[in-house]
Amino acid sequence: MPSEWCVMEQTQVSERRGERSGAEGRGPRLPLREPAAALSAGESAGALAALRRFCLGEPGADDGLRPPEPSWLPAALYPYRHQQSLRQDYPLFVSVGPGGAPSCRPIVDLLFEAVESFAPGGDEARVLKDNLARLEVEVRTRLAGLGPEPVEAGWAVKGACGALEEHLALKGESARLLHADLERLIAAVPVDGVFLPISEQAALRLYCVAAEAEADRRAHALHAEVTKLRSRLRDLLATERGRGQAGRDEKKLAGSVGASDAGHFDPAVLSRMLGKVKQGEPGDPTRAERLERTIAALDGFLSDPGAAELQVVSRLAAPADLEGSVHWARVEGDACAEAAAIFDRLAAERVDLIAAIRTARLELARGYDPTRHDALVRSLDWRGFSKDELLLLPPVLALETHERLGGPDMVSLSRLLLSGRPVDVLVDVPAAGDPGSTAGEALTRYRLELAYLGIGHREALVNQTTAARPSHMLEGFLRGLGAMHASLHVVASGLTAEGAEPRLGAWLHGGAALEGRAHPLFHYDPEAGETWAARLDFSTNPSAEEDWPACTVSHVDAGGVERSIVTRFTFADFALLEAAFLAEFRVVPDGLGCDTLVDAPGYFALDAEAAGEMIPFVWAVDGEGRLRRLAFTRRLAFACRDRLDYWHTLQELSGVRNEFVREAVAGERARLEAQFAAEREALESRHAAEVERVRTEAAGEALRRLAEGLVNADLSALAGGATAPASRAAAPPPSSAVAAGAAAEPAAPGPAVAEEDAGVEEPYIDSALCTSCNDCTNLNGRLFKYNANKQAVIADPSAGTFAELVSAAEKCPARCIHPGKPQNPGEPGLAELIARAKPFN
C-alpha cells in the first residue's frame with residue numbers, strides 16, 4: 001500500500017511479532033492464520049456447492065454460509081486500522097503565497113519548513129526539532145472534532161506550542177531557548193494560512209481558496225493595466241489636441257513663440273500654409289474623439305469595477321464561512337444553465353472595457369486603422385475574447401450533485417462543456433457508487449463515468465481527482481481556472497456510497513478507492529497538446545502500468561512465526577469497506593481446500609470460460625484479528641471487471657498500455673522471426689550442400705593419395721614379407737656409397753621399422769574435416785592457419801616443433817591432423833613423441 005500511509009512514531013505501540021497488545025485493547029499487530037483441520041469429503045463437497053450457488057446468485061443459496069461483520073477489513077489494510085496512528089495529509093494546511101499562488105501541504109511539512117526557515121543547522125533549535133512529532137500531535141488534537149470549516153493556522157499552532165511547553169515542563173535555560181524557538185515558529189506560519197479538515201466540503205473549500213486567489217490576481221492585474229493605459233492615453237490625447245486644428249489657429253501660433261522671435265515670421269501666413277487637418281493625419285479630430293471615448297470607458301471601470309469575486313451557482317445553501325468572500329447564487333433549477341447565463345452577463349458587462357483596452361493598445365502603438373478595427377470593436381463579444389481577456393473575467397463555478405448530472409441535467413452539462421464558456425463544474429461522486437444508477441442498480445449495470453463523458457466533449461478540460469490526494473486536486477483546480485474553455489472536476493470526497501463516514505476515515509477510504517481502481521486520477525487538458533499522450537496525464541496513479549497494485553499480507557502462524565502472502569489489491573478488496581457491498585461476501589470455511597477457490601487477482605486474469613468454473617475470494621481480517629477468506633458473488637466480479645475495463649481504457653488513451661502499439665510490435669516481431677527462420681534454413685541448406693561437396697572431394701583426394709602410395713610403394717619389401725609398406729620411395733644411396741660399392745661388403749639387412757623410420761614424412765591436415773575449433777591455431781598461430789573456408793592447414797612446418805604437432809593432433813576433435821615424422825632429429829623426447837603420433841599418421 002502507499003508509503004504515505006505511515007504510522008507516526010509517537011503513537012506506535014511497542015509489540016513483539018505476533019503478540020496482542022495489552023490494556024489498550026488495540027488488537028494484534030499482525031493477523032493470525034490459525035491452522036484448521038481439513039473437512040471431510042462430504043463436508044467439503046457440501047461447502048463447495050453452497051459457495052458456488054452463492055457466487056452464482058441463486059436465491060437462498062447462502063443458507064449455512066456466514067456473511068462478514070461490518071468490522072471486517074481487507075487484509076492489506078489491517079495495519080492501518082487505527083486512524084490516530086496514521087500520519088495523513090489532513091488537516092491540510094492551505095495558504096496563498098506572495099505571488100498569489102495557492103498551495104497545500106500536510107501539518108508535518110508546515111512545521112518542518114517553518115523550523116528550517118530560522119534554524120537550518122542540525123544543532124539549532126535541537127529541543128524543538130526533537131519534539132516536532134509531539135507538536136504535530138498537539139496540533140491534530142486541537143483540530144479534532146471542530147467541524148468541516150477551515151481553522152486559522154496561527155491559532156492552532158500557537159495553542160499547540162503552549163501545550164508542548166506545558167507537557168515538557170523544562171526549566172532554566174532550556175525552557176527559555178525552547179520558548180524563543182516556539183515564538184519564532186509561530187511567526188513563521190503564514191498569516192493567511194488555514195487548516196482544512198477532510199469532509200464532503202473539502203474539495204469545494206480548496207477550490208474556493210484557489211479561485212479567490214485567482215480572482216484577486218485577475219482584479220489587481222486588470223486594475224493596474226487599466227490605470228496604466230488611461231494615463232498614457234491622456235498624454236496622447238493632450239499631444240493630439242495640440243496637433244489638431246485648434247493648434248493651427250493664427251493666435252495659437254503667435255503665442256507659441258517668444259517675443260524675440262515674433263518679428264521673424266507671420267502667424268497668419270503660417271496658419272494658411274498649414275491648412276486644415278485631414279482625416280487620418282496627426283491631429284485628426286475623429287481620433288481625438290475615439291481617444292476620449294476610450295478614456296471614458298477606462299474611467300468608468302476604475303470608478304466602478306463591477307463584480308470581481310468568485311461566482312458560485314448551486315442548489316445548496318452557502319456555507320457560513322464562505323458568505324462575503326464569494327457571490328453565491330442559490331437556484332432551484334439547472335445550475336449549469338444558470339452558470340452559463342451568469343458568465344454571459346459578466347462578459348457583456350466587460351465588452352466595452354475589453355474593447356477600450358484593445359483600442360488603447362492599438363492607439364499607443366499607432367496601429368489603429370478605423371477601416372479595419374471599427375467593425376471589430378462594434379461586433380466584439382466573449383467569443384472574440386483572447387485567452388488573456390477571458391481570464392480578466394471573474395471565475396464562475398457550477399456546484400452540482402452527481403445524481404443531477406448523471407440524470408436530468410446531463411444534457412445541460414453537455415451543452416455547457418460544448419459551449420466553450422470558461423465555466424467550471426464541480427461534482428462530488430462516491431468512489432463505489434454510480435452517478436447514473438438508482439438504489440440497488442450499482443452492480444447490475446456498467447457504471448456511468450462522468451469524467452469519461454467529459455472527455456468525449458474533446459475541448460473541455462476534465463479533472464478526475466480525490467480529496468485523498470489534495471495536491472493532485474489543487475493542481476486540477478488551477479488548470480481549470482487558467483483554461484479558456486469549460487472545465488469539469490469530478491471529485492471523490494472519500495465518503496461511502498451512502499454518503500456516510502467510512503470505518504477507516506475519509507482519507508484512507510479515498511486512498512483505498514484509488515488503489516482498487518474505483519476512482520483513478522487523471523487530468524485531461526486539451527490545451528496541453530494535439531495528441532492523447534500530451535493531453536491525458538495518467539501518471540499519478542499507483543502502479544499505473546499494472547492491472548492491480550501489488551501488496552503483501554503479513555500474518556503470523558500458530559507458532560508466532562511471521563509469514564506473508566503476496567497478492568494484489570482489487571476492487572473487490574475495496575468493496576469490503578462499503579456497507580452496501582457486504583452482502584456480496586461469504587466466509588469460506590477454514591478447512592476447505594480445493595483448486596476451485598482462486599484469489600481475486602488470479603480470477604480476473606482468467607478468461608470468461610475458465611473463470612466460470614472458479615470461486616473467487618479475497619483475504620480479510622475479522623474482528624478478532626484472524627486471517628480469513630471471503631468468497632464473493634458474480635455480481636461483484638462483474639463490477640470488478642467493469643472497473644478493470646475502464647482502467648484499461650484510460651491506460652490506452654494515455655499511452656501507458658496501447659494495444660495498437662502492442663499489436664504492431666507483435667506483428668513486427670513475428671515478421672522478423674519468420675525472416676530469420678527463412679535465412680537460417682537457407683544457410684543450413686547451403687552449409688549441407690557445401691559439406692557434401694567437401695566430403696566428396698575429400699574422398700576423391702583420399703583415393704588419389706592411396707593410389708599414389710601404392711604406385712610408389714617398395715614392392716620388393718612386400719615380396720620379402722615386410723609387415724608395413726613404406727610411405728615414400730626409398731631415398732637413393734649417396735654417391736660415395738655407389739663409388740665404393742664394388743669394394744664394400746653389403747650391409748646386413750635391418751628390420752622393416754628401421755627402414756621406415758629412416759624416411760622423413762611431412763605433416764598434413766585433412767582440411768575438409770576441420771571444425772574450426774581454434775585449438776591448433778591457439779597452440780601455434782604460425783604453424784597452423786585457416787584457409788579461405790576457415791579450415792586449418794599447415795602454414796609452415798618449420799615454424800613449430802614436433803611436440804606441438806603431436807599435441808595438436810591429440811586435441812583435434814576431428815582427428816584430421818597428421819603429425820608425420822620429426823623434421824628435427826635432435827628434438828628431445830622423440831621416441832615418446834613418435835609413439836604418440838603413430839595413431840594419427
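Buried means under 20% relative accessible area, exposed means over 50%, and partly exposed lies in between, with a 1.4 Å probe and protein chains only. The structure is a predicted model in which local features need pLDDT of at least 70 and side-chain atom pairs count only at pLDDT 80 or more, while totals for chains, interfaces and linings use all residues. Residues are numbered from 1 along each chain as its sequence is written, and side-chain values use heavy atoms, with hydrogens and water left out.

**Salt bridges**

A salt bridge is a side-chain nitrogen of Lys or Arg within 4 Å of a carboxyl oxygen of Asp or Glu. The whole structure holds 43 of them.

| Pair | Closest N and O atoms |
|---|---|
| R404 and D409 | 3.1 Å |
| E624 and R626 | 3.2 Å |

D642 and R643 are both buried. A network of salt bridges links E34, D590, D622, E624, R626 and R628.

**Sheet and helices**

Helices (H or I, at least four residues) and strands (E, at least two) are DSSP runs numbered from the N terminus. Two strands pair if DSSP finds at least two bridges between them. Eight strands form an open sheet with mixed pairing, in the order β9-β8-β10-β11-β13-β12-β14-β15. The edge strands β9 (327–330) and β15 (536–537) each have a single partner strand, so one side of each is left without a neighbour in the sheet. β15 pairs with β14 (residues 522–524) in the antiparallel sense, over two bridges; D537 in β15 is the bridge partner of H523.

Helix α11 packs on the sheet and touches β8 (311–314), β9, β10 (396–401) and β11 (424–428). Contact means heavy atoms within 4.5 Å. The direction of α11 makes about 175 degrees with that of β10; axes are lines fitted to C-alpha atoms, for helices over the stretch in contact, and angles run from 0 to 180 degrees between N-to-C directions. Helix α17 (residues 470–481) lies across β11, β12 (461–466), β13 (487–492), β14 and β15, at about 160 degrees to β12.

**Nonpolar cores**

A nonpolar core is a set of buried Ala, Val, Leu, Ile, Met, Phe, Trp, Tyr and Cys residues joined through side-chain atoms within 4.5 Å. The largest has 136 residues, of which F385, F522, F571, F574, F632 and L636 touch the most other members. Helix α11 (residues 335–364) gives the most to this core, with 11 residues. Apart from this core lies another of 26 residues, including A114, L128, L143 and A156.
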